[in-house]
Amino acid sequence: MSLVLYHAAPSRSSGTLFLLEEAGLPYEIRLLDLKNGETHTPEFLAINPLGKVPTIVHDGAVITEQIAVTIYLGDLAVGKKLAPPPGDPLRGPYLRWVAFYGSSFEPALIDKALKRESGGQAMSPYGSYEAVVRAVSAQLEKGPYWLGETFTAADALWGSALAWTSSFGLIEKTPAMAAYLDRITARPAFARAKEIDARLSA
Ligand SMILES: N[C@@H](CCC(=O)N[C@@H](CS)C(=O)NCC(=O)O)C(=O)O
């Protein structure tokens with residue numbers, strides 16, 4: 001099996017690195033320097049025309065977008081229980097929350113960061129920033145993990161994302177979020193990914 005992660009250290013692809021460490025899958029990193037425009041070389045644009053990481057290539061198949069990458073790797077790590085399988089009552093909520101990240105959470109936070117109008121309730125993909133934050137807070141109150149008792153690939157995505165978005169001040173770090181982030185960052189796979197990033201960015 002060949003599994004390659006196109007990665008910038010640190011960046012959104014750090015969440016994928018964390019997930020790969022949780023998955024225990026053999027993988028290879030191709031490091032791209034965002035500051036030097038290495039995601040916009042003709043070679044990389046031929047793989048991902050948007051010039052974005054994370055991008056993974058598994059046995060020749062290109063997978064882009066954090067959401068697809070998360071779902072793909074969760075399913076690929078057979079036996080690791082990182083993704084509720086079809087038929088499991090948590091499969092629907094799992095897909096819902098992974099998709100919610102990409103289609104509602106990030107757009108809401110980026111609009112806020114750029115001080116852009118949402119476009120109004122009906123036109124906006126997420127409605128209102130406040131509604132997105134309320135939905136996230138309600139999920140965090142349930143805990144201990146995103147879908148309840150067990151860590152899943154959704155936690156690699158949400159844990160990494162809440163860590164950077166709260167540190168950038170794009171969302172308030174509530175006590176429930178702080179407790180969740182403590183649980184996520186205490187995981188050995190998170191520490192390994194962080195150490196890999198520190199080494200790569202040195
Ligand atoms: N829609 C993409 C967004 C990923 C993204 O924005 N990645 C940033 C790194 S944090 C990137 O690759 N930026 C490089 C660039 O756009 O030149 C996803 O969900 O994977």
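## Basis of the description

Because the model is predicted, local features are reported only at pLDDT of at least 70 and side-chain atom pairs only at pLDDT 80 or more, whereas totals for chains, interfaces and linings use all residues. Residues are numbered from 1 along each chain as its sequence is written.

## Overall fold

The chain holds 8 helices and 4 strands, which are DSSP runs numbered from the N terminus (helices H or I of at least four residues, strands E of at least two). Their order along the sequence is β-α-β-α-β-β-α-α-α-α-α-α.

The C-alpha trace spans about 40 × 40 × 35 Å along its principal axes. The radius of gyration of 17 Å agrees with the value near 17 Å for a compact globule of 202 residues, where the radius is taken over C-alpha atoms and the globule rule is 2.2 Å times the number of residues to the power 0.38. Among contacts with a separation of 6 or more, 62% join residues 24 or more positions apart, a contact being two C-beta atoms, placed from the backbone, within 7 Å.

Val57 has Val62 in S4 as its bridge partner. The two strands form a hairpin with 2 residues between them, and Asp59 in the turn has a positive phi of about 45 degrees.

## Ligand shell

The ligand is surrounded by 13 residues, of which the closest are Ser11, Arg12, Lys52, Val53 and Gln66; a residue is near a molecule if its C-beta atom, placed from the backbone, lies within 6 Å of it. This shell divides into 4 nonpolar, 6 polar and 3 charged residues.

Of the 202 residues, 32% count as buried, that is, with 20 or more other C-beta atoms within 10 Å of their own.

Glu21 is found in helix H1 and counts as buried because it has 21 C-beta neighbours inside 10 Å. Leaving aside residues up to four places away in sequence, Glu21 touches Ala189, Arg192 and Ala193. Glu21 and Ala156 are 135 residues apart in sequence, yet 10 Å apart in space, C-alpha to C-alpha.

Key
Two strands pair if DSSP finds at least two bridges between them. A residue is buried if 20 or more other C-beta atoms lie within 10 Å of its own, exposed if 12 or fewer, and partly exposed in between; C-beta atoms are placed from the backbone. Ala, Val, Leu, Ile, Met, Phe, Trp, Tyr, Cys and Pro count as nonpolar, Asp, Glu, Lys and Arg as charged, and the others, Gly among them, as polar.
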